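The sequence and structure come first.

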Amino acid sequence: MQARLDRQQAMNDSRRALMLDAARTVFEKLGIEGASMREIAKQAGYTPGAIYSYFENKEAIYGALLAESLERLNAAVDAAGSPGLEPAEMLDAKASAWFGFFATNPRDLDLGFYLVQGMRPRGLTAELNYKLNDRLHDALRPCEVALQAMGLSADDALRENTSLFAHGVGLLLMQHTGRIRMFNQDATLLFEDYIIALVERLQR
């Protein structure tokens, strides 16, 4: 009995993953406004009714994709660095981890900043939007911890971390859109320079 339940769960998980992969492709092509449950079902090879048995609407699919993305982001940040690093080294490791995640996964950057649906969390409930934002902050919080370990107050660490994140996201968007090429610069090197300058300023 348990074996059969396990097989059924594995099949459900596989179908759900396939539907999410299909939705990701459709959202990339059409955006969330242009996408439809019918189009997602077609991409996945299922009927619209089958999709509705897993997700109530396309916004729910979008929320699931973003939640999955944020879990992978947090895993990447958690794996960065090692016990015993100096605070400045930990800051570098953690910041480079979230920056590197988005740099190598530009579609996750689109999801994380609602770029596939017009820069607003349209369709997400306030509760879900809060939960997703909290998971994003979870990935950034280790940098705040490192900044506090370098001697900053909680408020100052939050302020510096916000600036660090804003700078990194700006560079990522320039890389993602290709605009960085007009300056003949490398986004990763510029981000590393920012961290070095930040550490030097704080250590002074």
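Among contacts (heavy atoms within 4.5 Å) between residues at least 6 apart in sequence, 65% join residues at least 24 apart. The model is predicted, so local features need pLDDT of at least 70, side-chain atom pairs count only at pLDDT 80 or more, and totals for chains, interfaces and linings use all residues. Residues are numbered from 1 along each chain as its sequence is written, and side-chain values use heavy atoms, with hydrogens and water left out.

**Overall fold**

- The chain has nine helices and zero strands; helices (H or I, at least four residues) and strands (E, at least two) are DSSP runs, numbered from the N terminus.
- Read from the N terminus, the order of elements is α-α-α-α-α-α-α-α-α.
- Along the principal axes, the C-alpha atoms fill a box of roughly 60 × 50 × 30 Å.
- The chain has 204 residues, of which 38% count as buried; buried means under 20% relative accessible area, exposed over 50%, and partly exposed in between, with a 1.4 Å probe and protein chains only.

**Nonpolar core**

- A nonpolar core is a set of buried Ala, Val, Leu, Ile, Met, Phe, Trp, Tyr and Cys residues joined through side-chain atoms within 4.5 Å.
- The largest such core has 53 residues, and the members that touch the most others are F27, I61, L73, L91, W98, L164 and F191.
- Two or more residues each come from α1 (2-34), α2 (37-44), α4 (58-79), α5, α6 (106-112), α7, α8 and α9.
- The helix that gives the most to this core is α5, with nine residues.
- In soluble globular proteins, nonpolar side chains tend to be buried together.

**Helix α5**

- The 18 residues of α5 should span 26 Å at 1.5 Å a residue, and the end C-alpha atoms are 25 Å apart, which agrees; the expected span is 1.5 Å times one less than the number of residues.
- Buried in α5 are A88, M90, L91, A93, K94, A95, A97, W98, F99, F101 and F102.
- These buried residues pack against α4, α6, α7, α8 and α9.

**Helix α9**

- Helix α9 (residues 187-203) has 17 residues and should span 24 Å at 1.5 Å a residue; its end C-alpha atoms are 24 Å apart, in agreement.
- A187, F191, I195, L198, V199 and L202 are buried in α9.
- They cover an arc of only 115 degrees around the axis, so they lie on the same side of α9; the arc is that of the directions from the helix axis to the C-beta atoms.
- The cover over the buried residues of α9 includes α5 (87-104), α7 (126-149) and α8 (154-177).
- At the start of α9, the backbone nitrogen of T188 has a side-chain oxygen of D186 within 3.0 Å.

**Aromatic pairs**

- Rings of Phe, Tyr and Trp (its six-membered ring) pair if their centres lie within 6.5 Å; planes under 30 degrees apart count as stacked, over 60 as edge-to-face and the rest as tilted.
- Six aromatic pairs are counted by this rule.
- One of them is the edge-to-face pair of W98 and F165, at 5.1 Å centre to centre and 70 degrees between the planes.
- W98 lies in helix α5 and F165 in helix α8, so this pair ties together parts that are 67 residues apart in sequence.
- W98 is buried at a relative accessible area of 1%, and F165 is buried at 14%.
- F99 and F191 have ring centres 4.2 Å apart and planes at 5 degrees, so their pair is stacked.
- F99 is in helix α5 and F191 in helix α9, so that pair joins parts 92 residues apart in sequence.
- F99 is buried at 2% relative accessibility, and F191 is buried at 1%.
- W98, F99, F165 and F191 form one aromatic cluster.

- R24, in helix α1, is buried with a relative accessible area of 17%.
- The side chains of R24 and E68 make a polar contact (2.6 Å).
- Leaving out residues up to four places away in sequence, R24 touches L65, E68 and R72.
- D110, in helix α6, counts as buried at 10% relative accessibility.
- The side chain of D110 makes a polar contact with the side chain of H176 (2.8 Å).

Terms used: A polar contact is a pair of N or O atoms within 3.5 Å; within protein, one must be able to donate a hydrogen and the other to accept it, and residues adjacent in sequence count only if both atoms are side-chain atoms.
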